[in-house]
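Here's a quick walk through one protein chain, written for someone who likes to know the cut-offs behind the words. Have the viewer open while you read.

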Amino acid sequence: MLTNQSGSTVPELVTLHVWRTSRGALPRALTRMALDPRRLRALPGARFGKLLGTGTGTDFGPRDADLTRWAALTVWDSPAAAADFDDSSVGRAWARIAHAQARIDLRPLTSRGEWSGQRPFGDPSGGRVTGPVLALTRARLRARRAATFWRAIPPVAAALRDAPGLLARFGVGEAPLGWQGTVSVWRDPTDLVAFAYRHPEHRAAIMRTPTAGWYAEELFARFEVRDVVGDRSVLGWAADGGPETVKGGRA
């Protein structure tokens, strides 16, 4: 763990494990989703952990669920603790039912908001990054506002699909409805910023958020992508994302 100038503890390493399973393995995957959240959080050195279902990233809506892909986001005390994940009860259980998997190693750059009442990534102070970055959004929707939120998402999702510099995208969620999030990986921070703040559909959604009152809880975070290990097709990696895009870099 690292401590920034404000005294906030920032994790040195966050991992996103993603598994691809067959449709026939769905009952076993759902069993793992029921049993493993507590086991994930109890792993030695795991400071925060969430097991997540995923979506295709087509429209990030309720019908976007991908029942053959599952993920685990874990905040670690140290890289040494993270290195033991594959041999843990959680890692072995998912490996038994997956036919492909990938892992993204991440360093927090910025984070605001909370997740389950916690600030899992601390208060990162940023830093200059020249390689790929990952953006994570997650929110717990207010039930009475959910319908207006779902109507606002399709234009943003359509714009994201063709955004310059986008390497991968998919939805994530802790439950089928109301506990939603997105993961997107970008070739460099410039491409991410261009979409987030200059694209009209996304900018309009950002401007509506304070007045629409969609979220009961929300978190937005950005990370340096330090490494991608395994089968990148599990992440929906762009065809032109060559080896040079995999490892992050700092100026």
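**Ground rules and overall make-up**

This is a predicted model, so local features need pLDDT of at least 70 and side-chain atom pairs count only at pLDDT 80 or more, while totals for chains, interfaces and linings use all residues. Residues are numbered from 1 along each chain as its sequence is written, and side-chain values use heavy atoms, with hydrogens and water left out.

The chain has six helices and ten strands. Those elements are DSSP runs numbered from the N terminus: H or I with at least four residues for helices, E with at least two for strands. Of the 251 residues, 51% count as buried. Buried here is under 20% relative accessible area, exposed is over 50%, and partly exposed sits in between, using a 1.4 Å probe and protein chains only.

How much of the contact list comes from residues 24 or more positions apart? They account for 75% of the contacts with a separation of 6 or more, where a contact means heavy atoms within 4.5 Å.

**The α1/α3 pair**

Helix α1 (residues 26-41) packs with helix α3 (residues 89-97) at an angle of about 165°, and their axes are 10 Å apart. That makes the two helices roughly antiparallel. For the bookkeeping, axes are lines fitted to C-alpha atoms over the stretch in contact, and angles run from 0 to 180 degrees between N-to-C directions; over 145 degrees counts as roughly antiparallel.

The crossing of α1 past α3 is left-handed, which is to say that the near helix is turned anticlockwise from the far one by less than a right angle. On the α1 side the contact is made by Arg28, Ala29, Arg32, Met33, Asp36, Arg39 and Leu40, and on the α3 side by Val90, Ala93, Trp94 and Ile97. Sorted by type, the residues of this contact come out as seven nonpolar, no polar and four charged. The sorting puts Ala, Val, Leu, Ile, Met, Phe, Trp, Tyr, Cys and Pro under nonpolar, Asp, Glu, Lys and Arg under charged, and the others, Gly among them, under polar.

**Salt bridges**

Side chains of opposite charge can pair when their charged atoms come close. The rule used is a side-chain nitrogen of Lys or Arg within 4 Å of a carboxyl oxygen of Asp or Glu, and the count by this rule comes to nine salt bridges. Here are some of them:

| Asp66 | Arg20 | 2.8 Å |

Salt bridges with shared partners join Arg20, Asp66 and Arg69 into one network.

Why does the Asp66 and Arg20 pair tie together parts that are 46 residues apart in sequence? Because Asp66 lies in strand β5 (residues 65-76) and Arg20 in strand β3 (residues 13-21). Asp66 and Arg20 are both buried, and Arg69 is buried as well.

Beyond residues up to four places away in sequence, Thr15 touches several others, including Ala72, Trp76, Ala82 and Arg103.

Lys50 belongs to strand β4 (residues 46-55). Is Lys50 buried or exposed? At 12% relative accessibility, Lys50 counts as buried. Leaving aside neighbours within four places in sequence, its contacts include Leu40, Trp115, Ser116 and Glu174. Most residues other than glycine have a negative phi. Phi of Ser116, though, is near 55°, a positive value.

Gly230 lies in strand β10 and is exposed, with a relative accessible area of 56%. Gly230 touches Gln101 and Ala102, not counting residues up to four places away in sequence. Gly230 and Arg103 are 127 residues apart in sequence and 6.4 Å apart in space, C-alpha to C-alpha.

Technical notes. Angles under 35 degrees count as roughly parallel, over 145 as roughly antiparallel, 65 to 115 as roughly perpendicular and the rest as oblique.
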